[in-house]
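Welcome! Take a moment to look over the sequence and the 3D view, and then let us walk through some of the details together.

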Amino acid sequence: MDVGAVGAIRNVKDAIRAARLVLQYTDHTLLVGDQATVFALSLGLGGPSNLTTDQSLAKWLKWKESDCQPNFWRNVMPSSNTSCGPYSSIESFSASNDDFDRRKDLCSKRVGFGNHDTISMAAIDKEGRIAAGTSTNGASYKIPGRVGDGPIVGAGAYADQEVGACGATGDGDVMMRFLPCYQVVENMRLGMSPVEAAENAISRIKRKYPAFIGAIVALNMKGEHGGACHGWTFQYSVQTTGMEDVNIFTVYPAISS
Amino acid sequence: MPLPWRLIRCMLLLFILSLQGCIGVPIVVCTWPFKDAIRTAWNALQLGFSAVDAVVEGCSACEALQCDGSVGYGGSPDEDGETTLDAMIMDGTTMDVGAVGAIRNVKDAIRAARLVLQYTDHTLLVGDQATVFALSLGLGGPSNLTTDQSLAKWLKWKESDCQPNFWRNVMPSSNTSCGPYSSIESFSASNDDFDRRKDLCSKRVGFGNHDTISMAAIDKEGRIAAGTSTNGASYKIPGRVGDGPIVGAGAYADQEVGACGATGDGDVMMRFLPCYQVVENMRLGMSPVEAAENAISRIKRKYPAFIGAIVALNMKGEHGGACHGWTFQYSVQTTGMEDVNIFTVYPAISS
């Protein structure tokens, strides 16, 4: 159950190799930010590197010119629905459920292809050992320093030799509040199939955030796999004995009830 | 008995039972005998503030008071001698969360977490960039979180060959020497090595070394919230984030069920999402004590030498705790108590 993870690491391209350094050379689980960068470089990982490219710069400039829409701010002045920052807090703000309901429905506008994907991977080796991991550059236009579900044990991925593993993708800010991959593995521990386990985890999030977008792939120790999703059509990839090449499985969102 | 009288008796019974239900709330609980934090939170609840407000105020009190040296500025210096903070606030009514991890140069960690909750859609911001965010919204700083005490503690650690530390499989050996370290080229993980590490875990955790204030509250309106604040593990590798600000690890709250707070060896505990499991256990019908004991046992199975504790609270205001590797105390204040009550929890006998 050992884990290594990095969150919001800067100027290092090899994020999962950095996470592996945390796993192999420390007792910690998660290192973040600039200090994670120092750690990774001190152990010989390549860098510091500039992770910006012409493409990402162009994408960002276009976003700036579009009044920075969408973004992840709320309850600020100037209004984050129409304007770029910098922002100040609204002095007399008090949270209300109405405001939250509006936000729950808005969530989906920021998530979609090209905006919220992660590679989450699980594997069982020839010795029958299981592992899971993730890598992502997070949500476009995230507030600097934002860490999503990717590097959070039980959120972006989970693995348990006694049961199986899970990988997740989608609106990380929302999903990480529900630890979906931990629940998926727990569901399989209680006897559910990978599909049932994944569907149950997705449904728990949907109850509270009806507009969320996300997907899960689950794998048990017998090599059975399945997926579930909400808000988009999902595909996951598999390669195992007997397959000449990668097989792609398509998962459709469950009908709301 | 004539029907009308039975009906009256029934209604009377229901009325009394509903009064008893009310006695459980409002309520605030937290890890460890952090009385001032509880009193602060309790006052907020009495004044009609929300559970979220109460938890923020209670944990803030511990930050200012440097509770046990484990919360707030001037405690738990990292390997570089710096104090960085982790904090989280969770609104159980909406499942909304705000958290900061390894935030630098900001003393008011849980207030920073609250800014994440109120002004962003995100859940967790970390490091220097979290600092920028917090300061941009008017939080005090930048501040130096190092004090004479934390500096002296760090210097003493440096003079003791930097023992204990959180490195492994490096050269020079982290068991005997300070860094800087290099990886051992031909290293390959083995289960033997892992077993050794599982047993060593406990040497780094103990009072003054691994405490967190994790607090949960139910307010007068019956809303539940949970939160944490900590300066993490002493001598942690800079940038280390523990269980404190991780939803489901350091704390969790769900309006339909209850809440949970955790403390101890965060690096290990966060791999098991204990507070998420505690709330799930209560959702499945377990009492707070049963829920907490089950979560602790799951960690113990894999990490027999781990040190940790959990306090659980359900929506009826019932509470309980469980622990492993040390004796635990948690604090409670609720209707009917003149002041904070401390509950002691003993580690379960191994089986």
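## A loop residue in chain B

B:Asp243 sits in the loop that runs between strand 9 and strand 10 (251–254) of chain B. Strands here are DSSP runs of E with at least two residues, helices are runs of H or I with at least four residues, and both are numbered from the N terminus. Keep in mind that this is a predicted model, where local features need pLDDT of at least 70, side-chain atom pairs count only at pLDDT 80 or more, and totals for chains, interfaces and linings use all residues. Residues are numbered from 1 along each chain as its sequence is written, chains are lettered from A and ligands numbered from 1 in the order in which they are written, and side-chain values use heavy atoms, with hydrogens and water left out.

Is B:Asp243 buried or exposed? B:Asp243 counts as buried because its relative accessibility is 6%; buried means under 20% relative accessible area, exposed means over 50%, and partly exposed lies in between (1.4 Å probe, protein chains only). Leaving aside residues up to four places away in sequence, B:Asp243 touches B:Ala249, B:Gly250, B:Ala262, B:Gly266, B:Met269 and B:Met270. A contact of this kind means heavy atoms within 4.5 Å.

## The annotated sites

In an unreviewed entry, UniProt gives the annotation "binding site" to B:Arg240, B:Val241, B:Gly242, B:Asp243, B:Thr263, B:Gly264, B:Asp265 and B:Gly266. UniProt positions are given in the numbering used here, feature names are shortened, and annotations may be inferred rather than shown by experiment. B:Arg240 belongs to strand 9 (residues 240–241) of chain B, and with 2% relative accessibility B:Arg240 is buried.

For chain A, UniProt (unreviewed entry) places "binding site" at A:Arg146, A:Val147, A:Gly148, A:Asp149, A:Thr169, A:Gly170, A:Asp171 and A:Gly172. Of these residues, A:Thr169 is included in the lining of the second largest pocket. A:Asp149 is in the loop between strand 7 (146–147) and strand 8 (157–160) of chain A, and A:Asp149 is buried at 5% relative accessible area. Its contacts, not counting residues up to four places away in sequence, are A:Ala155, A:Gly156, A:Ala168, A:Gly172, A:Met175 and A:Met176. A:Gly170 lies in strand 9 (residues 164–170) of chain A and is buried too, at 4% relative accessibility.

## The second largest pocket

How big is the volume of the second largest pocket? The volume is about 880 Å³. A pocket is found on a 1 Å grid over the protein atoms alone, as an open set of points where a 1.4 Å probe fits, with protein on both sides within 12 Å along at least five of seven lines; lining residues have an atom within 4 Å of a point. Grid points are joined across faces, edges and corners, and the volume is the space filled by probe spheres set on the points.

The pocket is lined by 32 residues, and the closest to its centre are A:Ser120, A:Ala122, A:Tyr236, A:Ser237 and A:Val238. Strand 5 of chain A gives the most to this lining, with 6 residues.

## Chain B as a whole

Stepping back, chain B has 10 helices and 15 strands. Of its 351 residues, 62% count as buried.
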